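Let's walk through this one together, from the overall confidence down to single residues. Have the viewer open and follow along.

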Amino acid sequence: MSGGVAGADYVRAIEQHESDRRAREAFQSLALAHVPPGGTIFDFGAGPGIDARFFAGRGLCVRVYDNDARMRHHLAETCRDAIDAGRIVPETSTESGSEADSGTDPEVDDYGGVLARKPEAAAPRAHLVIADFAPLNLVADLPPLFARLHALTVPGAGLLASVLSPYFLGDLKYGWRWGGMLGQWRTGKLIVRGARGDIIRRCLPLFAADCAPWFRLERAFRGLPPRNAAQAAGIDLALHPRTAWLRLTRCRYMFLLFRRLPS
């Protein structure tokens with residue numbers, strides 16, 4: 001799921017900054033620790049397929065979905081070998097697999113298209129759902145998404161999401177950050193207008209409420225490679241429900257680990 005740029009332009013932009021490269025490295029390492037060897041990943045907001053190719057190259061089956069047609073086209077071109085080998089399985093927004101009739105914008109469909117249909121009986125359930133580089137920040141209504149991802153996963157599966165943090169102190173240099181403080185205090189959301197709609201930064205208690213009763217928010221991690229064992233273990237949100245955010249103020253991204261609850 002993207003903003004104004006997509007495909008090759010997006011890849012150049014997202015790989016330009018060292019901080020973004022380090023964030024992706026940390027996310028990929030963390031994801032590998034939460035999926036069994038040879039397991040299945042559902043990559044929600046797969047973009048141009050950078051993560052999909054990484055995980056497919058490590059022996060995992062990766063089901064991929066993105067709501068931007070330009071991203072899907074780029075992924076199909078650059079990951080063709082893995083797709084042909086069955087290591088990457090593209091999802092589409094319609095029952096027939098066509099990208100036609102995808103909504104008012106021919107380039108972007110409703111993210112709920114693929115998630116609204118019943119899971120195919122033959123499709124492998126995912127051991128882990130990933131959402132890297134903030135696709136959840138672009139979803140206005142999270143509970144229906146969590147409900148569908150619950151249906152696409154095996155019992156006890158994880159959901160690992162990289163999201164833009166509402167706690168990042170580095171954003172205090174921007175006027176929009178100060179302008180959104182009152183709204184964040186009242187609603188738990190920091191909402192900023194983006195190229196294709198609102199970018200919604202949610203506080204931890206709101207994520208915990210939105211994911212119930214399908215998932216439980218277990219841990220939060222700094223969105224950078226860990227410096228020590230404590231950072232690698234993340235923050236147990238059951239033990240630190242009120243103070244966890246204090247350890248997430250120095251990173252633009254935070255990684256959230258959700259655990260699938262029984263049906």
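The protein chain averages a pLDDT of 88, and 86% of the residues score at least 70; pLDDT is the predictor's confidence in each residue, on a scale from 0 to 100. This is a predicted model, so local features need pLDDT of at least 70 and side-chain atom pairs count only at pLDDT 80 or more, while totals for chains, interfaces and linings use all residues. Residues are numbered from 1 along each chain as its sequence is written, and side-chain values use heavy atoms, with hydrogens and water left out.

Strands here are DSSP runs of E with at least two residues, helices are runs of H or I with at least four, and both are numbered from the N terminus. Two strands pair if DSSP finds at least two bridges between them.

Now look at S10, residues 253-260, where 8 of 8 residues are buried. Buried means under 20% relative accessible area, exposed means over 50%, and partly exposed is in between (1.4 Å probe, protein chains only). Tyr 253, Phe 255, Leu 257 and Arg 259 point one way from S10, whereas Met 254, Leu 256, Phe 258 and Arg 260 point the other way.

What flanks this strand? S5 (residues 153-164) runs antiparallel to S10 and is joined to it by 7 bridges, with Ser 162 opposite Phe 255. S8 (residues 215-222) also pairs with S10 in the antiparallel sense, over 7 bridges, and there Arg 219 stands opposite Leu 257.

Over at S3 (residues 88-90) sits Val 89, partly exposed with a relative accessible area of 33%. Beyond four places in sequence, Val 89 is in contact (heavy atoms within 4.5 Å) with Cys 61, Val 62, Arg 63 and Val 64.

One caution: over residues 94-106, pLDDT stays under 50. Where pLDDT is low, the predicted coordinates should not be read in detail.
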